[in-house]
Amino acid sequence: MPAVSNDSDLKDKTATQDKNANKVVPSPIGERRVKIHDPISDRKMLNPNQGPGHVCRRGRQLSSSKSEDHLMTTDLGMKVYTKGRPPWYDIHGQTLNKPYLIGICGGSASGKTTVAKSIIERLGMPWVTVLSMDSFYKVLSSAQHELASKNEYNFDTPDAFDFNLLHETLLRLSEGKSVDVPVYDFTTHKRDINTNVMYGADVLIFEGILAFHLKEIVDLMDIKVFVDTDADTRLARRLSRDTGERGRDFSGVLDQYIRHVKPAFEQYIAPGAKVADVIIPRGGENLVAIDLIVRQVKTQLVARGYEASKPIKDWDNNAFEHLPMPQSLHIVKDTPQIHHGNDEFVFYAERLMRILIEHAVNFISYEDVEVQMPNGKSYYGRRRNAELCGVAVMRAGETLEKSLRAVVKDCKVGKILIQTNCITMMPELYFLRLPRHINKYKVLLMDATVATGSCATMAIRILLDHDVLEENIILCALLMAQPGIQRIAYSFPRVKLITTCVDPAINELLHIIPGMGNFGDRYFGTEVRRGEKAEFDIGSDDEPLLFN
Ligand SMILES: Nc1ncnc2c1ncn2[C@@H]1O[C@H](COP(=O)(O)OP(=O)(O)O)[C@@H](O)[C@H]1O
Ligand SMILES: Nc1ccn([C@@H]2O[C@H](COP(=O)(O)O)[C@@H](O)[C@H]2O)c(=O)n1
């Protein structure tokens with residue numbers, strides 16, 4: 001995977017590092033109007049569509065934004081998941097179609113980003129990713145840096161870009177894999193220590209001044225758009241933007257324009273118009289042209305078999321019912337310990353978790369070792385020969401962490417927060433923090449329960465996108481429903497599923513039947529019974545919020 005790493009043990013892959021919560025940071029695609037939902041600072045929000053905790057952002061680059069930026073709300077009120085899509089698989093474990101790639105080329109400040117944003121708004125699809133060429137500026141040596149500070153370095157020629165990394169990144173995104181995109185800072189001409197993780201999407205927009213320079217990259221594009229804005233307008237916008245946002249002074253911008261930007265436009269960028277399928281005069285204000293492009297993209301997507309995200313309620317939860325229970329399912333041996341009837345929920349849940357985790361670690365490979373005892377004798381034992389880490393599905397899966405750490409010393413544990421959208425019933429990724437180099441580990445994916453399997457499916461998909469091998473994933477849950485087991489097992493046949501109990505069905509509310517109620521609420525004591533007044537303040541003065 002293209003990567004720029006940092007030193008922290010756990011790498012923040014998606015949404016919000018606490019220190020950044022609610023901070024205004026350099027931004028995604030949009031201008032000031034784009035709103036980003038900040039998931040962690042608003043943990044009590046159950047329905048993302050009601051989304052409090054929106055943070056306004058400045059700046060322009062979607063791909064080069066800080067790592068919080070994965071969800072934007074457009075002016076039209078649409079949510080765009082800028083880092084990925086739900087990982088629906090068919091019965092053969094096949095993923096969705098490859099992303100439809102829109103290439104946007106044009107001079108500096110011609111309005112490429114503005115056009116990209118406008119396309120996103122009009123597409124009306126939630127899973128759209130934007131990758132900007134700006135992220136692929138080469139890292140400068142100190143001598144080059146010195147030149148750049150005197151406007152003697154040319155940022156407008158092909159040599160200024162790392163085309164290898166760019167090509168590799170686009171290939172991976174086309175395959176739906178995750179990528180680490182460098183974060184570029186125009187004020188310092190440097191890459192940030194952080195990278196921005198992006199996933200596959202239904203539509204991928206790639207924009208940049210030299211987007212059409214490399215044939216291998218152009219060949220990946222499904223539609224090529226050239227933004228044709230006149231030179232005066234480009235210069236005027238650039239002056240305003242670079243002095244306002246990129247820390248430059250007026251005379252420096254003019255000097256750079258005359259020495260590098262203008263000649264490079266004529267030599268390298270303007271010929272891009274010949275490669276284009278569509279030329280948009282006047283950029284973002286040309287809504288007629290943008291609408292035509294959007295119509296074309298939609299037609300092409302339908303021709304490829306794209307279906308707008310289906311609400312999971314319409315899904316056939318029993319689609320796999322006719323298939324036998326999979327070989328990859330392992331149920332902990334049925335002993336009185338497993339069936340210990342008791343109303344001390346937390347104590348016995350934890351006891352069961354310990355048994356579950358003990359069972360799960362048996363599936364990791366071991367080797368024979370000889371250990372020297374203090375009495376001088378040899379002891380022949382066995383030692384794990386694979387690195388193991390945990391990934392807890394927040395919040396119920398976090399309850400298994402204690403048992404994992406008790407069984408596997410110093411075990412690293414990542415976190416993943418997936419919430420089901422109350423309206424579409426689609427799982428949505430909110431937060432991801434994975435151990436570094438997770439692809440080198442066996443991963444114990446932990447949740448308390450598995451019902452439809454949609455959340456676990458998404459979590460598995462994300463691990464695969466981070467190059468964890470399917471056979472290295474062990475999904476552990478105290479209770480699993482049969483439809484969820486079958487969905488996961490037949491989509492990911494090499495993932496092991498370990499549980500202490502299997503229930504036969506899920507109901508129309510997607511609850512496990514008979515199930516055990518909401519595990520998290522029971523464990524954490526947050527359950528509020530119907531008709532009971534909530535004791536904590538959750539915002540509304542008049543109406544207590546009721547859960548069932
Ligand atoms: N049609 C427009 N009218 C006014 N300002 C615009 C228009 N299109 C773009 N801009 C402004 O010009 C600057 C550059 O636009 P941007 O879309 O970021 O260009 P590019 O991505 O090609 O560099 C931004 O500050 C943007 O807000
Ligand atoms: N350190 C840098 C890197 C690039 N530039 C200029 O940015 C322009 C490309 O970005 P757009 O958003 O305008 O497409 C390009 O023309 C470079 O001159 C820079 O000034 N400093």
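Some conventions come first. Because the model is predicted, local features need pLDDT of at least 70 and side-chain atom pairs count only at pLDDT 80 or more, while totals for chains, interfaces and linings use all residues. Residues are numbered from 1 along each chain as its sequence is written, and chains are lettered from A and ligands numbered from 1 in the order in which they are written. The labels H and S refer to helices (DSSP runs of H or I, at least four residues) and strands (runs of E, at least two), numbered from the N terminus.

Let me start with the sheet. Five strands form an open sheet with parallel pairing, in the order S7-S10-S6-S11-S12. Two strands are said to pair if DSSP finds at least two bridges between them. S7 and S12 stand at the edges; each has a single partner strand, so one side of each is left without a neighbour in the sheet. From one strand to the next, the twist averages 20 degrees; such angles run from 0 to 180 degrees between N-to-C directions, with axes fitted as lines to C-alpha atoms, for helices over the stretch in contact.

At one end of that order, strand S11 (residues 223-228) pairs with S12 in the parallel sense over four bridges. Within this pairing, Val225 stands opposite Val278 of S12.

Is Thr129 buried or exposed? Thr129 counts as buried, with 28 C-beta neighbours inside 10 Å. The cut-offs are these: a residue is buried if 20 or more other C-beta atoms lie within 10 Å of its own, exposed if 12 or fewer, and partly exposed in between, with C-beta atoms placed from the backbone. Thr129 and Leu173 are 44 residues apart in sequence, yet their C-alpha atoms are 9.3 Å apart in space. Helix H3 (residues 163-174) lies across S6, S7 and strand S10 (203-208), and runs at about 175 degrees to S7. Contact here means that the C-beta atoms of two residues, placed from the backbone, lie within 7 Å.

H1 is mostly covered, as 10 of its 12 residues are buried. Among them are Lys112, Thr113 and Thr114. Just after H1, Gly124 takes a positive phi of about 65 degrees.

Which residues are closest to ligand 1? Of the 15 residues that surround ligand 1, the closest are Gly111, Lys112, Thr113, Thr114 and Arg237. Helix H1 (112-123) and helix H5 (231-244) are the elements that give two or more residues to this shell, and H1 supplies the largest share, three residues. A residue belongs here if its C-beta atom, placed from the backbone, lies within 6 Å of the molecule. The shell around ligand 1 divides into one nonpolar, eight polar and six charged residues. In this scheme Ala, Val, Leu, Ile, Met, Phe, Trp, Tyr, Cys and Pro count as nonpolar, Asp, Glu, Lys and Arg as charged, and the others, Gly among them, as polar.

The residues around ligand 2 include Ser108, Ala109, Asp134 and His189. This shell holds six nonpolar, two polar and two charged residues.

Ala109 is placed in the loop between strand S6 (100-106) and H1, and it counts as buried, with 25 C-beta neighbours inside 10 Å. Arg282 also has a positive phi, about 70 degrees, although it is not a glycine. Arg282 lies in the loop between strand S12 (278-281) and helix H8 (287-303) and is partly exposed, with 15 other C-beta atoms within 10 Å.

Lastly, the cis peptide bonds. One joins Met394 and Arg395, with omega about -5 degrees; Arg395 lies in the loop between strand S16 (388-394) and helix H10 (401-407). The peptide bond from Ile513 to Pro514 is cis too, with omega near 0 degrees.
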